[in-house]
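Colleague: Before I use this model, I should like to go through the reasoning behind its annotations. Could you take me through them?

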Amino acid sequence: MTSQIAPPAPTGTPSTGYRLRWAGLAVILAAEVMDLLDTTIVGVAAPAVRQDLGGSDAQIQWITASYTLAFAVLLITGGRLGDLLGRKRLFVLGAAGFTLASVLCAAAPGAGTLIAARTVQGLFAALLIPQGLGLIKAMFPPKELGAAFGLFGPILGLSSVLGPTLGGYLTGADWFGLGWRAVFLINLPVGLLAVFAAGRILPADRTTPSTPGAGTNTGTGRIDPVGVLLLGLAVLLLVYPLVQGRELGWPLWTFLSMAASVPTAWLFTVQQRGVLRRGGTPLIEPSLFGKRAFVSALATGLVFFAALSGLMLVFTLHLQLGLGWTPLHAGLSMIPLSIGVVVGAVLSGALLAPRYGRRVLHLGMVLAAAGALGLWATVDGADGLTSWQLAPALALAGLGLGLIMAPFFDIALAGVEESETGSASGVLNAQQQLGGSMGVALLGTAFFGWARTDGFGHAAGRTYGLVAALLAAAFVIAFLLPRQARPDSEGH
């Protein structure tokens, strides 16, 4: 979610809140579940997509990466549009567009069309998801905000368990001959319900003016198109050659493109400072990049979410392409990982993180890396595997990942000023999506490269070793993070 400063609720008082606030929260949670399901459910169906539509190894990666890349690039802009045009309006538009794009994905006649439709899905998700937190803050009185945010963990944790299993079941069941297309059509009833309910339940809001450069991304200023273009270009210059490079034989332009992403990102920060000096409202508060704690949080999160997304993709590809398991079998085999994530998140959020702070992140990284190395030892060179053999390492990795995810955003935000929190939250959530795209690109490319020469088992094992190496790097960078979250932190 992307933190935004919310306008006052149109009905009720700050002490009583909006009359239909709990029903409104259910609508927002439905949209969050739809997004998370779409992220986790597609990976299990990817091998079936290639079998049906054809396409290259890189196109399998793009089916996942195109969504998260589009989401990452426009996530911050989506939050700004909510400030300008109204969060309810953007929520309804985003849900409707996401649902329509899901139908286009299901109807795709080829891999290229599917990737384009997934990109459209990501664009509309970037309009939809950032509105949730602002709407919650507008609907709930301060004394109930903790309870409202507390529902996100269990609901989203349950979605992470159901996603791979549901994806495997729908793909394997082949209802009405739909096969993998059913994983996209599952969004249709949820999306239509979200659009219908949002129009009747969510409060009408209005934008509130703010002083340009006052330290928030709210207000009635205009969207910065040059900033959007530079940010998108910097991300694309990095991710595109990572996905396509191996298949094309790593021509010179791929390395030049990745190198060019660095000065383009620098040019974006310079341009944002110029917008602020001219009295405009930048997409991202430039002052954030002068804070060591926040920059280290960006680096930690980028590496961590790259490891997480790469692990999820490679695991399901190995089971289906390498071992020949059905999508349902592969989805069910991921349950220990998902349960570990839920248990780790609950333990961390309720008990460990408030007391131990950053040390919980370090513990989680150690456990997750140990789980990845356990997977390497289990799969490398093995002729036959069972789900039970994979379960211990998966559960350990999931436990570590859950310990990390619960406190990460709160600790990352502890290094910024209150006036910068909205912009910082947007950047952190965009970084989460970008890290996912990079993980799919980098680890997916490594997996397919090794698989062609050494077989899927060895390829999966070595890629799990890369996951452990990324988590070790995140462990080191995390020492630069604040030791504790702010005591008054309300979540991300």
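Modeller: The chain averages a pLDDT of 81, and 88% of the residues score at least 70.

Colleague: Which elements have the lowest and the highest mean pLDDT?

Modeller: Helix 6 (residues 142–150) has the lowest, at 71, and helix 15 (residues 358–379) has the highest, at 94. Over residues 1–13 the pLDDT is below 50, although that stretch has 51 contacts in the model beyond near neighbours in sequence. Residues 488–492 are likewise below 50, with 13 such contacts. Where pLDDT is low, the predicted coordinates should not be read in detail.

Colleague: How do you know that the end-to-end distance of helix 1 agrees with its number of residues?

Modeller: Helix 1 has 33 residues, which at 1.5 Å a residue should span 48 Å. Its end C-alpha atoms are 44 Å apart, so the two values agree.

Colleague: Where does helix 1 bend, and what follows within four residues?

Modeller: The bend is at Ala45 and amounts to about 50°; the proline Pro47 follows within four residues. After the helix comes Gly54, whose phi is positive, near 80°.

Colleague: Why is helix 1 called largely enclosed by the rest of the structure?

Modeller: Of its 33 residues, 24 are buried, and therefore the helix is described as largely enclosed.

Colleague: What makes Arg181 and Asp52 a salt bridge?

Modeller: Their side chains meet with N and O 3.7 Å apart, and the cut-off is 4 Å, so the pair qualifies. The pair links distant parts of the chain, 129 residues apart: Asp52 is in helix 1 (residues 21–53), while Arg181 is in the loop between helix 7 (152–173) and helix 8 (182–185).

Colleague: Why do Arg181 and Asp52 receive separate labels for accessibility?

Modeller: Arg181 has a relative accessible area of 19%; buried means under 20%, so Arg181 is buried. Asp52, at 46%, is partly exposed, because that label covers values between 20% and 50%.

Colleague: Why is the ring pair of Phe447 and Phe456 called tilted?

Modeller: The structure holds 13 aromatic pairs. In this one the ring centres are 5.8 Å apart, within the 6.5 Å limit, so the rings pair. The planes stand at 40°; stacked requires under 30 degrees and edge-to-face over 60, so the pair is tilted. Phe447 counts as buried at 0% relative accessibility, whereas Phe456, at 27%, counts as partly exposed.

Colleague: Which residues do ring pairs link into a cluster?

Modeller: Trp62, Tyr240 and Trp253 are linked in this way.

Colleague: What makes Ser296 count as buried, and which residues does Ser296 touch?

Modeller: Its relative accessibility is 4%, and the threshold for buried is under 20%, so the label applies to Ser296. Ser296 lies in helix 12 (residues 292–322). Leaving aside residues up to four places away in sequence, Ser296 touches Ile477, Leu480 and Leu481.

Notes
Residues are numbered from 1 along each chain as its sequence is written. Side-chain values use heavy atoms; hydrogens and water are left out. Rings of Phe, Tyr and Trp (its six-membered ring) pair if their centres lie within 6.5 Å; planes under 30 degrees apart count as stacked, over 60 as edge-to-face and the rest as tilted. Buried means under 20% relative accessible area, exposed over 50%, partly exposed in between (1.4 Å probe, protein chains only). pLDDT is the predictor's confidence in each residue, from 0 to 100. Helices (H or I, at least four residues) and strands (E, at least two) are DSSP runs, numbered from the N terminus. Contact means heavy atoms within 4.5 Å. The expected span of a helix is 1.5 Å times one less than its number of residues. The bend at a residue is the angle between axes fitted to the seven residues ending there and the seven starting there.
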